[in-house]
Amino acid sequence: MHEVGLAFDIVRMAVEFARANGRHEIVQIELDVGECCGVMPEALALGFESARKGTMAQDARLAINRLPGVARCAACGRERAAAGYAGPCPACGSARAEIAAGREFRLKSIDAR
């Protein structure tokens, strides 16, 4: 479960940011997590519970913005939910599709005091 390692990295980055800006407490960490990025938000939140212990983020809230996945037909350009992109395009029948959105995984903001 790589989400635990990601959670520890996120807390480490937030603590480094807070210290570099003269802050002593992290209130909230906000992430954007795309549906197609390979990260399970529930597992990340669970890992965050362990990662924040004993740090200035120990009482911090983790806010996860879930971004939908979008697949685009390579033949006709029609977009559909990435969760249902297996199989032929409903518009043209092509089996060629690519992920157009939903691969994001970014640390959006850190609220520190």
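This is a predicted model: local features need pLDDT of at least 70, side-chain atom pairs count only at pLDDT 80 or more; totals for chains, interfaces and linings use all residues.
Trainee: Which strands does H2 lie across?

Mentor: H2 lies across E1, E2 and E6, and runs at about 165° to E2. For such angles, axes are lines fitted to C-alpha atoms, for helices over the stretch in contact, and the values run from 0 to 180 degrees between N-to-C directions. The labels are DSSP runs numbered from the N terminus: helices are H or I with at least four residues, strands are E with at least two.

Trainee: Okay, back to H2. Which of its residues are buried?

Mentor: In H2, residues 41–51, the buried ones are Pro 41, Ala 43, Leu 44, Gly 47, Phe 48 and Ala 51. Buried means under 20% relative accessible area, exposed means over 50%, and partly exposed is in between (1.4 Å probe, protein chains only).

Trainee: Why do they line one face of the helix?

Mentor: Looking down the axis of H2, the buried residues fall within an arc of 155°, so they line one face. The arc is taken from the directions from the helix axis to the C-beta atoms. As a rule, an α-helix has 3.6 residues a turn, so residues three or four places apart point the same way.

Trainee: And what covers that buried set?

Mentor: The cover includes helix H1 (2–20), strand E1 (26–34), strand E2 (61–67) and strand E6 (105–112).

Trainee: How are those three strands arranged?

Mentor: They form an open sheet in the order E2-E1-E6, with mixed pairing. E2 and E6 are the edge strands, each pairing on one side only. The twist averages 15° from one strand to the next. H1 packs on this sheet too, touching E1 and E6, and its direction makes about 40° with that of E6.

Trainee: What unit do E1, H2 and E2 make?

Mentor: A right-handed β-α-β unit. Right-handed means that, with the strands pointing away from the viewer, the path from the first strand over the helix to the second runs clockwise.

Trainee: Is E1 mostly covered or mostly open?

Mentor: Mostly covered, as 7 of the 9 residues of E1 are buried. Contact means heavy atoms within 4.5 Å.

Trainee: Which residues in the largest nonpolar core touch the most other members?

Mentor: Among its 19 residues, those are Val 11, Ile 26, Ile 29, Leu 31, Leu 44 and Phe 48. H1, E1 and H2 are the elements giving two or more residues to this core, and H1 gives the most, with 6 residues. Such a core is a set of buried Ala, Val, Leu, Ile, Met, Phe, Trp, Tyr and Cys residues joined through side-chain atoms within 4.5 Å.

Trainee: New topic: what order do the strands of the other sheet take?

Mentor: The order is E4-E3-E5, 3 strands in an open sheet with antiparallel pairing. The edges are strand E4 (79–81) and strand E5 (97–101), each pairing on one side only. Neighbouring strands here are turned by 40° against each other on average, direction ignored. Strand E3 (residues 70–73) pairs with E5 over 4 bridges, and Ala 71 stands opposite Ile 99 in E5.

Trainee: Where is Cys 89 found?

Mentor: Cys 89 is in the loop between E4 and E5. With a relative accessible area of 4%, Cys 89 is buried. Cys 89 touches Cys 73, Cys 76, Arg 78, Arg 80 and Ser 94, not counting residues up to four places away in sequence.

Conventions
Residues are numbered from 1 along each chain as its sequence is written. Side-chain values use heavy atoms; hydrogens and water are left out. Two strands pair if DSSP finds at least two bridges between them.
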